[in-house]
Structure formats: C-alpha cells, structure tokens
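Student: Hi! I'd like to go through a structure with you. Can we take it piece by piece?
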Amino acid sequence: MTSIPVADKRPHATGRPGKAGGPDRRPGGGGARHRPRLARVVVALLLAGYAAVSVYPFLWMVSAAFKDQLEVVGGGHLIPRNPTFDTLIDTWNKLHFFDFFLNSLLVTLYTVVLTLVVYAAAGYAFAVLRFPGRTFLSRLFVSLLFVPGVTVMLPIVLLENELGILGTHWGLVLPFVNGGAPLSILLMTGAFGAVPAELRDSARVDGATEFRIFLNIYLPLAQPALITVALLTAIPTWNEYLLTRVSLTDRSTFTLPLGLQTLAAENVPHYNNLMAGALIVVIPVVLLFLCLQRYFVNGLVGAVKG
C-alpha cells in the first residue's frame with residue numbers, strides 16, 4: 001500500500017510581512033527602533049549644554065579667586081596664568097571674614113537644630129497620632145509653601161521690633177525656623193508615615209511611652225529624612241541676604257552674605273577679592289552637600305514614597 005505524503009503545515013520563511021521567521025519589511029520598521037535612541041541623544045546634548053552654561057560662572061568665580069586684580073580685568077581666560085593664594089588670604093584678613101563666618105555658622109546651627117526638634121515632633125504627630133483637626137492643620141502647613149517669603153517681611157520686622165529682638169541673631173533664627181515649617185513637616189510626615197505601624201504597636205505592648213517610641217524607633221528609621229531637612233534648612237539659611245540686610249545693622253553681627261556685600265559696595269571694587277569672598281561663602285555649602293548627598297537623595301525618595 002502506497003503512503004500518501006502529508007503536506008507540511010509548519011510556517012516557512014516566506015519573506016512576507018508579519019509571518020514568523022520572515023524579515024520585517026514594514027515601512028519605517030527599522031527607523032522606529034532608532035527613534036528612542038535619537039531622542040535620548042538629543043536630550044543628553046541639551047542637558048550637557050545647559051550644564052556647561054550653568055557651571056561656567058562658578059568656574060570663573062573659582063578662577064578669579066586665584067588671580068590678581070590686573071589679570072581679572074585684563075583677560076577673559078578661565079585658567080589663571082599666575083595662580084596665587086594671596087587673594088584669598090587678603091580677602092579673609094582684610095574683611096575679618098572669620099567673624100562673619102562664625103556668625104553665619106551660629107545662625108545656621110541654631111536654625112537647623114530648632115527645625116529638626118520642632119518639626120520632627122510635628123511630623124510624628126501628623127503621621128502617627130490621631131487628634132481633632134489633624135488633616136486640616138496638615139494641609140494648612142502644606143499650603144504655606146505657596147506663600148512668598150517676601151510678603152511677610154514687613155510683619156516680621158515690626159513684630160521683632162516690638163519683641164526687642166530686631167538686629168540680633170535670634171531675630172534671624174526664629175523667622176528661618178518658622179519659614180521652614182511647610183517643607184519640613186511635609187518631609188517628616190512622609191518619612192514617619194512609611195514606618196510600619198506594627199513597630200509602634202509592639203512597643204506599646206512592651207510598655208514603651210510615646211516619647212520613647214518616637215526617640216528610639218521612629219527617629220533612627222527617619223535618619224535620611226532628618227538629614228534632608230537639615231540640608232534644606234542649612235543651605236538657604238547660610239545664603240540668606242534679604243532679611244539679614246533689613247534686620248542687622250551692627251557690623252559685629254553681620255553674616256557672610258553681608259560681609260560679601262561690603263566688598264561689592266567699595267568705590268573701586270576689586271573683582272578678584274569679590275570672587276574670593278564668594279568662594280569663601282560657597283565652599284562650606286558645597287562640602288556639606290557632597291558629604292551628605294547620599295542621605296539627601298534617600299531622604300527625598302523615602303519621603304515621597306511615604
């Protein structure tokens with residue numbers, strides 16, 4: 001008996017579009033794969049150009065701090081031909097920058113410590129405790145993010161004058177702490193809200209007080225958020241000029257931004273000294289951010305997730 005061959009119904013490479021094993025001959029099929037790559041290249045080039053434009057003034061400031069006045073005025077080259085530390089030393093000594101530095105350090109330190117103490121407790125209350133008006137108060141603080149600080153400048157000055165703290169460092173610290181409330185509470189509430197509630201319940205069963213739970217459980221777990229709040233408080237406080245200019249009149253209380261302003265107010269400004277003063281102001285902030293950058297990013301991510 002002769003066997004009848006059965007037709008092979010398996011798909012073959014026919015070369016037609018859409019068939020298995022056949023080449024993709026659809027119009028634009030290859031170009032579609034290259035579009036995301038081209039878009040990434042364009043975005044990378046745009047970001048690189050923006051970074052170069054943003055970084056160049058900073059590099060010019062650093063360069064001018066190591067030049068003399070004649071070289072700064074006479075040339076636009078970025079790299080100093082005769083680099084010298086004399087400009088930095090002269091600026092530091094001539095303006096008594098150590099006094100300004102110490103004043104800025106004290107104001108920033110007091111502001112950061114008070115901000116962490118007050119708003120860590122507030123964030124814990126909003127995230128963990130239950131009390132009447134909790135949601136309303138939380139939203140009220142967040143809404144203050146949209147209030148420009150300059151709009152409350154005059155009331156602050158008038159209030160400080162009545163309290164007798166106008167022109168003192170406490171007249172700077174207290175408004176700075178108050179101004180950091182919205183963002184600090186938002187970050188701390190998110191960080192504490194991400195902590196599992198079971199940890200608090202277990203501690204309560206073991207007889208721990210609310211303060212001990214806050215101190216021994218929640219604060220250590222929220223360390224990245226605490227460092228983030230500290231950085232976001234320290235940097236604007238260190239660089240603050242407007243309120244210090246309005247409030248402080250005694251040179252012995254001046255902070256670094258006011259000391260830098262005295263350089264710019266000279267009849268014949270020496271730009272090398274001005275750039276050296278700006279570098280002195282910027283260096284502590286840059287070093288602080290570089291040292292705590294990892295915690296800063298983790299704190300922001302944790303707060304957003306919370």
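Student: At roughly what angle do the axes of H4 and helix H5 cross?
Tutor: Keep in mind that this is a predicted model. In it, the axes of H4 and H5 (residues 134-143) cross at roughly 135° and come within 10 Å.

Student: What do the angle and the distance do for us?
Tutor: The angle between the axes and the distance between the axes are how two packed helices are described.

Student: Okay, and why are H4 and H5 called oblique to each other?
Tutor: Roughly antiparallel needs an angle over 145 degrees, and roughly perpendicular covers 65 to 115. The angle here is roughly 135°, and H4 and H5 are therefore oblique.

Student: Is the crossing of H4 and H5 left-handed or right-handed?
Tutor: The crossing is left-handed.

Student: Which residues make the contact?
Tutor: From H4 there are Ala 125, Phe 126 and Ala 127, and from H5 there are Arg 134, Leu 137, Ser 138 and Phe 141. Sorted by class, this contact of H4 with H5 has five nonpolar residues, one polar and one charged.

Student: Switching topic: how many aromatic pairs does the structure hold?
Tutor: It holds 13 aromatic pairs. One of them is Tyr 124 with Phe 214, a tilted pair with 5.1 Å from centre to centre and 55° between the planes.

Student: Where do Tyr 124 and Phe 214 sit in the chain?
Tutor: Tyr 124 is in helix H4 (residues 97-127) and Phe 214 is in helix H10 (residues 210-221). They are 90 residues apart, and the pair links distant parts of the chain.

Student: Why does Tyr 124 count as buried?
Tutor: Buried means under 20% relative accessible area, and Tyr 124 is at 5%. Phe 214 counts as buried too, at 11% relative accessibility.

Student: Which residues do ring pairs link into a cluster?
Tutor: That cluster is made of Trp 92, Phe 98, Phe 101 and Trp 238.

Student: Last one: is Ser 63 buried or exposed?
Tutor: Ser 63 is buried, with a relative accessible area of 5%. Its place is in helix H1 (residues 29-64).

Student: And what does Ser 63 touch?
Tutor: Leaving out residues up to four places away in sequence, Ser 63 touches His 77, Leu 78, Ile 79 and Pro 80.

Note on methods:
Residues are numbered from 1 along each chain as its sequence is written. This is a predicted model: local features need pLDDT of at least 70, side-chain atom pairs count only at pLDDT 80 or more; totals for chains, interfaces and linings use all residues. Side-chain values use heavy atoms; hydrogens and water are left out. Rings of Phe, Tyr and Trp (its six-membered ring) pair if their centres lie within 6.5 Å; planes under 30 degrees apart count as stacked, over 60 as edge-to-face and the rest as tilted. Helices (H or I, at least four residues) and strands (E, at least two) are DSSP runs, numbered from the N terminus. Buried means under 20% relative accessible area, exposed over 50%, partly exposed in between (1.4 Å probe, protein chains only). Axes are lines fitted to C-alpha atoms, for helices over the stretch in contact, and angles run from 0 to 180 degrees between N-to-C directions. Angles under 35 degrees count as roughly parallel, over 145 as roughly antiparallel, 65 to 115 as roughly perpendicular and the rest as oblique. A crossing is left-handed if the near helix is turned anticlockwise from the far one by less than a right angle, and right-handed if clockwise. Contact means heavy atoms within 4.5 Å. Ala, Val, Leu, Ile, Met, Phe, Trp, Tyr, Cys and Pro count as nonpolar, Asp, Glu, Lys and Arg as charged, and the others, Gly among them, as polar.
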